[in-house]
Each structure stands twice: as C-alpha cells, then as structure tokens.
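This report describes selected packing and pairing arrangements in a single protein model. The structure is shown below, and the discussion follows it.

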Amino acid sequence: MEYFIGVDIGGTFTDAWAIRSDGVMHMAKTSSTPPQFEQGFMNALEELATNFDTSTVNMLSQTRYLGHGTTVATNIMVQRAGSKVGLLVTAGHRDALSMMRATGRAAGLNSEALADTKNTDKPKPLVPSSLIREVNERIDVDGDVVVALKMEDVDRALAVFQAEHLQAIGIAFLWSFVNTDHEIAVKNWVQSQWPSVFVATSHELSPQIGEYERTAAVAVNCYVGPQTRTYLEQLQSRLQGLGYQHPLYITQCAGGVMTVQEAAMMPMKTFQSGPVAGINAASRIGGDQANIITTDMGGTSFDVGLVIHGHPLSRKTTIVEQYEYLLPTIDIQSIGAGGGSIAWFDETQQALKVGPRSAGAVPGPACYGRGGDQPTVTDADVVLGYLNPDYFLGGNLSLDANASHRAMESLARRIGMDTISVAAGIVEIVDRQMGDLIRRLTLGKGYDPREFQLLAYGGAGPIHAAGFARDIGVKEVIVPGSAASSVWSAYGAATSDLVQVLERGCYFKSPFDIKGIGRILEAIRQQLDERFDESYEITWSADMHYTTQISELEVPLPDYQQPDFGDDLLARFQEQYEQTYGRESGFREVEVEIITLRGRARQSLGQPDISSVSARCTEEPTVRSIYWPEWQKFIETPIYREVTKSMAGPLIVELPVTSIVVHPDQSIRSDGSGNLVITLYH
C-alpha cells in the first residue's frame, strides 16, 4: 500500500491531503505554528495518519511521494529577518541594486499604498552598500572578455565578508548569461575558500537581459537562502528519521514541484508556493478548454489566478517586497482579505475598513478563544450565522460565538451602528475587495470575467464565493472536491508534476533567424534531457514585443522546423497583442522582436489518476437562523450536509472543513464528479 501526500502551510492553518493506492483519501487541517512551522507540518501528518487509522511512522514508510507548499521564504521577506549578505559586482556597477528601476518606489504596491505618495519609498536595502564589492572583470554583449577577471579583488572582498561573518554571497556580473565563465570561476573559488557560505550567481537564477533584475534576483535569493535551506534540510532529515525514503518535493512559483535540493539552492522559487499548488490542481478541472478564475480565501489572504484553456496564466517577472526580478511565475494577485482579516474604523476617513492586518493563527479571530478580541471576517460570519460554532473543522474546534458578538459590539459602538449591520458591512466590504481584485486581474489582461467559471477554495472561500462572484458577473461557482476544497492547495501539492522552466535571453528581429532560434531551443532541450531521467512533455514560448516597446507578451511557439514558422509566430503575436490591448491596437508594419526563449518541461511523478475528490454525508438537514443581506433580516434557513440534487437557495451546506453559502436567487448541485456547482441568476 502506497501513500501520496501533500502538505501546505498557511498563515493560519496547515493543511494535508493524501490518497492511498487503494483509492482511499483523507485530509487534515491543523493550526499553523509560527515561527516553528515544521511543527505544524508534523502535526498535520500525525492527524492525517490518525484518519488513515495508522501511525505516522507506518504511513511515511509507505509514502511514495510527499509534496510541500512552504511559506518560509515569504515570511523571511515580510518580516525582514533574512541573512547578512555580501554582493560581488562588475567594477563600476556597484549601485545597480539601489538605483533599481524608475518603478522601484511603486513596484508591487496596492492602490491604497500608491495613493499615499508621501510615504512611498524604495524598499529597505537587502544588502548594505558597504557589503557590495566591485570586481575588475568585463564581458561584453557578444560574450567576449573585455577585462580579464582579477581574483585579487575577490580575495579582498572575501576577507571583508569573513570579518563581517556573512551567511551568503551573491555574484552578479555584466552579461554573465552570455558568457558564464567569470561567475562560475568566482563561485568555485568562494566555495573552496568558504565551504559553509551560501552562494548564488545571476546566470543560474535569471539568465536574461536586465542588470538590475538579475542583481535583485541574486540579492533576494541570498537573503532568504540560508534559513530556507536549513528549514528544508532539517525537515527532510526529520521525515527520513520517521521512515520516509523518497525525495521531498517543493511546490514552486512556475507551477508544479521541484526537488528539495533545487529549492534549497534557489529558494526564491518558493515564493507563492502554496497558492501556486492550488492553481496546479485547478488546471486539472474542466480539461484543455476550461477558463477558470481560481480564488483561494484562507485565514490571512485572498489569492486569485487564471486558468486559460486549461493552462495557468503566467508572467515573466516576480515582485517580492518591491524588488522585481525576471523569473517565470504563475500570475497570482493577492490582498490581505481572509477569515482572520481584522475589521477596524478609520477615524480619518470615518469609514469601516477590513484588513490588510490579520489576527493570524495566534491569537486568531475572537471566536477562537485564544485571546483575540478584535473583530474579524470569521467573527462576522459567526454573528450572521454562516458558520456553525459547534461544527467548525468538523467539530474539532468549537467557536465562541459570544466572543464574536462582544468584539463586534465594541466596534459597533465606535461607529454608532448596531452589531448586525456592522457584521453585514464587514462581509460586504471584504466581498467587494475580492471582486475588485478579480476585475483587475481579468479585465486588466483583456479577459471578461463573465466568460469564466469561478473556482472557490480555501477554508473561507466557499463561504464568500457566491457573494463576490455575483459582484463580478460570474454565472457559476465551483466548490472543488467537496471537503477537499478547504485543503485544495495541499491537494495540489500532492498531485503536481515535476516541472522545470529554462529560458535564455536573446535578440531576434523579424524576419526571424530560424536557425538561430533553433540552436537556442535545442540547447535548452539538451539541458532538460540532463535534468530528467525519464520522458517528459515540453512546451515552448517566446517573450515578444514591437520594436522600441518595453513590455513583452509571452507567445506560444509553433514548431520551428515547419516552413511557415515565422509567419505563424507573428500571427500568434498579433492575435495575443489585440486580445490584451484591444482590437486593432497592433501595428503590423512595425518590426517584432524576440528577447527570451523558454521551455517548460513537465514529468509525472507517479501519482494515481484522480478524476474527482468527493466527500458525502448522510445526515438529515436542520434549520438555523441566518442573516441574508438581500432581505436585511434573519431567516430560518435549511442546513445540509450533502448535495444529492439541485437545490434552490437560500441554504447552507456544512462540510467538515468549510461551509458553502448559497444566497437567494442561487442554486447548488453536484456535477457528478465530486464538485459542487453554485448557479447564479443575474
């Protein structure tokens, strides 16, 4: 008997999901344990083993695959608790990291932060200027050595770094991705002189044009590297001590998973690790033609992504704490809107606000009974009746409804409103915030949200999905896999493929040099052959733009060996350009440039073929008083534990780890494969 397991650590809960080779599936949901997140990981595995009626050791010894979504690197950046880093750069280019781009003050900021122009600034430096050391060397755009590498400069820098007791060293030389010799020589020398130090090079992390972006990639990777590597190595060792005999796989920003060894060397690939795992799973729903808006509402954040024709929408840049670098990543937009988001009264604007601050796992919402006394979205859901205090997490955690009412009353007195109106206002505000984020991601990229289905997962997602879906005009909401919807990212971690994304910066102008493009693609394929020990699938794409433009579009490549490759590629670019920027926005007479070629390779890791994930209950429906904003009053409402036929709202479906709220003028049904579908009538 074999197990296939996924574990996802969130800000409030740690989720686990597993399938056994006989088809039996179970899940677990435990509180996260910051800052020792590995303990929450082990707690989730222990509860999972209990659900399988076995021991953790026995389960792990029979586990063939274990995937993990981690927030360690993200927490390090957010808390600014990273390692002390030294940086080696080409002489004369010491200030590339601090100069940034013109957008450095605004990169990654939400609209509210951008509006506060007085307080916007560049991010706090990851590497102080005193620890950025110049090395005499120079490679030009053609890869020719203009100035020979002077190792004496490296030795002098190492002496300073060792005296400062640094934990990581980054190497970012000009045009290193065209000729890697200098960076490789310095890396080898540093490791021979200082074996314990963490080392990263720009050509390995981001082999593309963009001096600042490559330098930023190195700085970020080094900043989070030593602690993330320690966490992953200790976790792998602990799992091996409990009987796990296979590699630990880590979900990565580009989709799929990578080995723990790769994650330890390139921890910057673990940003958005958990949300990406959920989108990996979402891409399996609906087949190759599915257009899906993925929404993950957990305890601390709300994450949105798009699946277009069965494939997650990606972007070529990553922004972390205002640092922007070139790394392929699934396009996920997030805001601080989750079950633990704190509601507060803005005295300046005289307005009720929700988030972005969160009560987190500790103390958590007031209803958790862990010392929290500030009203949260979860407390509002309790006050309005959407959550059953006696059946939260399947009854494993009892909620204190009185504490929710007390927290809400305190806020209501400050505002001068009644408690119920404040709770209803909190829900409306957070739903509108989530709807606005979806509109920005869809409309901003040329997609009409009304033409999509919406997938709602995360512990709080199914509670609010029908509300924010109605706000954006979506006609159907899918709650995936019934009970598994609450641990959907863990399910995604358990079912993801091994993924490698390799890209090369280049410059081709139309009409394209087909042979030159072919040489680069074959070089990428050769590297992929070396990384995969078995057969794999590969898709090719190129980053393209009109001459003199600075923004690119990622365009799928046709077969470069076909006679009309160039014309076909230009047609694809024009079509995608008009999809993004509007009909007739392209200018076909202008030359088009390719600046990056990319190969995405995917290999199955042997997980069972899972067509559906369902959970069914047999209890009879009950009745509870629920507040419905459509009628602005409480109504005795049926509460179900299963959906066996199409049922009209209003109603609540209570599952062990989430609740599904179906409003008036909506209905819910099972699609026959374990998913529940809410139909909205606009």
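## Basis of the description

Axes, as the term is used here, are lines fitted to C-alpha atoms, for helices over the stretch in contact, and angles between N-to-C directions run from 0 to 180 degrees. The model is predicted.

## Helices α6 and α7

Helix α6 (residues 151-163) and helix α7 (residues 181-193) have axes that come within 11 Å and cross at roughly 40 degrees. The two helices α6 and α7 are therefore oblique to each other, and their crossing is right-handed.

On the α6 side, the residues that meet α7 are M151, V154, D155, L158 and Q162. Their counterparts in α7 are V186, W189, V190 and Q193. By class, this contact of α6 with α7 comprises six nonpolar, two polar and one charged residues.

## The open parallel sheet

Strands β6, β5, β9 and β10 form an open sheet in the order β6-β5-β9-β10, with parallel pairing. Its edge strands, β6 (132-135) and β10 (198-201), each pair on one side only. From one strand to the next, the twist averages 20 degrees. Within this order, strand β5 (residues 85-90) and strand β9 (residues 168-172) pair in the parallel sense over five bridges, and L88 stands opposite I171 in β9.

Two helices lie across strands of this sheet. Helix α6 lies across β5, β6 and β9 and runs at about 165 degrees to β6. Helix α9 (residues 211-241) lies across β5, β9 and β10, running at about 155 degrees to β10.

What is the extent of burial in strand β13 (residues 292-297)? Six of its six residues are buried, so β13 is largely enclosed by the rest of the structure. In a regular strand the side chains alternate between the two faces of the sheet. Both faces of β13 are covered, with I292, T294 and D296 buried on one side and I293, T295 and M297 buried on the other.

Strand β13 pairs with strand β14 (residues 302-308) in the antiparallel sense over six bridges, and I293 stands opposite L306 in β14. The two strands β13 and β14 form a hairpin with four residues between them. Strand β13 also pairs with strand β21 (residues 453-457), in the parallel sense and over five bridges. In that pairing D296, one of the buried residues of β13, stands opposite Y457 in β21.

## Helices α11 and α16

The axes of helix α11 (residues 273-282) and helix α16 (residues 488-495) come within 7 Å and cross at roughly 70 degrees. That angle makes α11 roughly perpendicular to α16.

The residues of α11 in this contact are G274, P275, A277, G278, A281 and A282. They meet W488, S489, Y491, G492 and A493 in α16. The residues of the contact of α11 with α16 divide into seven nonpolar, four polar and no charged.

## Residue T30

Residue T30 lies in strand β3 (residues 25-31). Is T30 buried or exposed? Its relative accessibility is 11%, and because buried means under 20%, T30 counts as buried. Leaving aside neighbours within four places in sequence, T30 is in contact with T12, F13, T14, G40, N43, A44 and E47.

Notes. Residues are numbered from 1 along each chain as its sequence is written. This is a predicted model: local features need pLDDT of at least 70, side-chain atom pairs count only at pLDDT 80 or more; totals for chains, interfaces and linings use all residues. Side-chain values use heavy atoms; hydrogens and water are left out. Angles under 35 degrees count as roughly parallel, over 145 as roughly antiparallel, 65 to 115 as roughly perpendicular and the rest as oblique. A crossing is left-handed if the near helix is turned anticlockwise from the far one by less than a right angle, and right-handed if clockwise. Contact means heavy atoms within 4.5 Å. Ala, Val, Leu, Ile, Met, Phe, Trp, Tyr, Cys and Pro count as nonpolar, Asp, Glu, Lys and Arg as charged, and the others, Gly among them, as polar. Buried means under 20% relative accessible area, exposed over 50%, partly exposed in between (1.4 Å probe, protein chains only). Two strands pair if DSSP finds at least two bridges between them.
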